[in-house]
Amino acid sequence: MPATGISGLAPRIARGPNGYLVAVSVTQTPFSDGKAQEDYFLDDVGNTIKGPILVGQSGTFGEYAIASDGTNYMQVFRKEDFPGQLGKLFLKMFDPTGNLLFASPEFMPAADYQSMWLAASTGGSDVYLLVYDLGGAIRAQRLDAATGALLDVGPIDVASGHEPRVAFDGTDFWVTWHATSATDYDVFARRVSKAGALVDAAPIVVSNHTTPATPAHGHELSPTLGFQSGHGLVAYMYDD
């Protein structure tokens with residue numbers, strides 16, 4: 001089945017060992033105010049192997065994250081008992097063809113989790129790093145790649161800001177986000193090791209558009225990033 005039939009909002013895509021996982025938000029009937037996440041598992045040329053699979057229900061579009069460790073896929077999603085309430089976090093693991101390996105009970109308590117993103121390490125003893133915005137505080141949690149278990153007693157306090165993204169550079173995780181600096185929004189980054197330690201003593205300024213000084217510079221927003229062969233790229237929206 002071709003992948004062109006996929007429809008939904010807030011799409012996420014993850015590269016697996018021999019294909020892709022695409023996750024989207026859809027309206028969950030019969031409740032027009034309810035939302036759900038659906039997964040599509042694709043082969044290397046974009047044909048649908050399996051899908052849509054209903055993964056979780058939520059009152060908020062796009063509050064889920066997916067990634068692959070090169071063997072399987074992990075999906076973390078927020079579930080609200082009623083739309084507008086605080087959401088609890090749940091986790092599911094799938095093999096590359098879309099077979100459910102396991103589903104966790106609630107593994108993080110109800111809170112206002114926003115802008116969740118997930119990345120996996122490589123090179124052995126692998127972990128996932130989940131990042132999220134909790135009321136303007138960027139937090140991170142490590143998850144065991146095999147079991148999905150939380151590896152940290154409490155969340156890693158990365159910085160203050162919004163819309164975090166995360167990627168692995170082959171050694172460490174890089175977290176990016178935007179935050180206010182003086183009167184503008186700028187883009188920052190900070191590294192987190194596979195062991196869960198903050199590598200950088202303070203956030204790294206990626207872009208603050210300080211030159212030229214006039215006219216007044218605008219905002220750098222919504223960064224995303226990726227790495228390939230030891231090189232990284234950060235892209236962001238500029239609003240003047």
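1. Of the 240 residues in this chain, 48% count as buried, where buried means under 20% relative accessible area, exposed means over 50%, and partly exposed lies in between (1.4 Å probe, protein chains only). The model is predicted: local features need pLDDT of at least 70, side-chain atom pairs count only at pLDDT 80 or more, and totals for chains, interfaces and linings use all residues. Residues are numbered from 1 along each chain as its sequence is written, and side-chain values use heavy atoms, with hydrogens and water left out.

2. The accessible surface of the chain is about 11,200 Å², and 55% of this belongs to carbon and sulfur atoms. Such areas come from the Shrake-Rupley method with a 1.4 Å probe; for residues, only the protein chains shown count as cover.

3. The chain contains 19 strands and 0 helices. Both are DSSP runs, numbered from the N terminus: helices are H or I of at least four residues, strands are E of at least two.

4. Among contacts (heavy atoms within 4.5 Å) between residues at least 6 apart in sequence, 41% join residues at least 24 apart.

5. Some details of the backbone deserve attention. Most residues other than glycine have a negative phi, and most peptide bonds are trans. The peptide bond from Gly-51 to Pro-52, however, is cis, with omega near 5°. Pro-52 belongs to strand E4, residues 48-58.

6. Ala-10, although not a glycine, has a positive phi of about 50°. This residue lies in strand E1, residues 9-15, and is partly exposed, at 26% relative accessible area.

7. Ser-115 likewise has a positive phi, near 50°. Ser-115 is located in strand E10, residues 113-120, and counts as buried at 19% relative accessibility.
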